Amino acid sequence: MPELPEVEVVRRGLERWVTGRTFDSVEVTHPRATRRHVAGAMDFASRLRGRTVAGVHRRGKYLWLSLEPGTDEALLAHLGMSGQLLVQPATAPDEVHLRVRLRFADSVDSVDSVDSAANGTELRFVDQRTFGGLSLVGTDEQGLPLPVAHIARDPLDDQFEDAAFTAALRRRRTGLKRALLDQSLVSGIGNIYADEALWRARLHYARPTDAMTRAQGAEVIAAARAVMVEALARGGTSFDSLYVDVNGASGYFERELAVYGRAGRPCLRCGALVVREPFMNRSSFRCPRCQPRPRRPHA
DNA sequence: CGGAGCTCCTGGGGGC
DNA sequence: TGCCCCCAGGAGCTCC
């Protein structure tokens, strides 16, 4: 599933392939893909036509294309669990789970585009599980899409402040993993990287946040950042074949995961067997020796 | 309003 | 072989 590093890989691919190009006809082939666009799929498609991509941006797992003319709207995307944004030749066969096709003026008229390699391609949103979607939304004075306004900065953001994060974390009355997954506290962390960060910091998911030390807070956010930086260097995680980057190439970071999905196999640090436990209707993986259950665990 | 639980969805895989 | 159930989980929503 795409988390921050994977989304960043997609952002870079989009920046390379769609910046400066103008949308022509847009076809929504599954209504659920634009469910967040309140005015409906028809409105989404008609308002996008003629707009030019000015830039590609990301916060946490949200991606958006800033549009010209004007600076008051953006094309917002979330990949959900299985979403892909593919730049494909217009002649390529439709993917089984194609949800939205976005044609460009250059792929219709064959006029010269900024990048001739992009000529004849279209942008496709493909999503098996349909948790992801696209919408055309308003932006605030900073150009931030309104639905993203409540999302915290992510650990790779220049303006992310570790000390402020740690302070906010210690004010919460919840369990550490719940806090890491709360996108209003820190964004971009999903179930996989949360487990990896907790393993690196040697902390249990149920550790009460209000009892954590500043050093532990700093350690866990540094661990999350380190995992993401390493994943990004490898082109993003993709053990789930559903996730493919913007040009269709899979990443292979899954082999680097230390605990996630490794139940019953030895901890890479101490050799104790990794355990899988139900948590928030999903799974948590941890080393029972490196990450012992706290005396006063929080759910 | 902070915190927690529910819900949306599809296809692969295991059990019988 | 076929059917049924479980599992994967991001984040908006609702409820307390």
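The lining of the largest pocket has 11 nonpolar, six polar and three charged residues, where Ala, Val, Leu, Ile, Met, Phe, Trp, Tyr, Cys and Pro count as nonpolar, Asp, Glu, Lys and Arg as charged, and the others, Gly among them, as polar. This is a predicted model, so local features need pLDDT of at least 70 and side-chain atom pairs pLDDT 80 or more, while totals for chains, interfaces and linings use all residues. Residues are numbered from 1 along each chain as its sequence is written, chains are lettered from A and ligands numbered from 1 in the order in which they are written, and side-chain values use heavy atoms, with hydrogens and water left out.

Which residues lie nearest the centre of the largest pocket? Lys 61, Met 81, Gly 190, Asn 191 and Arg 282, out of 20 lining residues. A pocket here is an open set of points on a 1 Å grid over the protein atoms alone, where a 1.4 Å probe fits, with protein on both sides within 12 Å along at least five of seven lines; lining residues have an atom within 4 Å of a point.

Now DNA strand C. It is surrounded by 16 residues, counted when a heavy atom lies within 4 Å. Tyr 62, His 78, Met 81, Phe 131 and Tyr 260 are the closest. For polar contacts (N or O pairs within 3.5 Å), the side chain of Asn 191 is 3.2 Å from a phosphate oxygen, and that of Ser 283 is 2.7 Å from a phosphate oxygen. Arg 282 instead places a polar side-chain atom 2.9 Å from a base nitrogen.

Notes. Polar contact = N/O pair within 3.5 Å; in protein donor to acceptor, adjacent residues only side chain to side chain.
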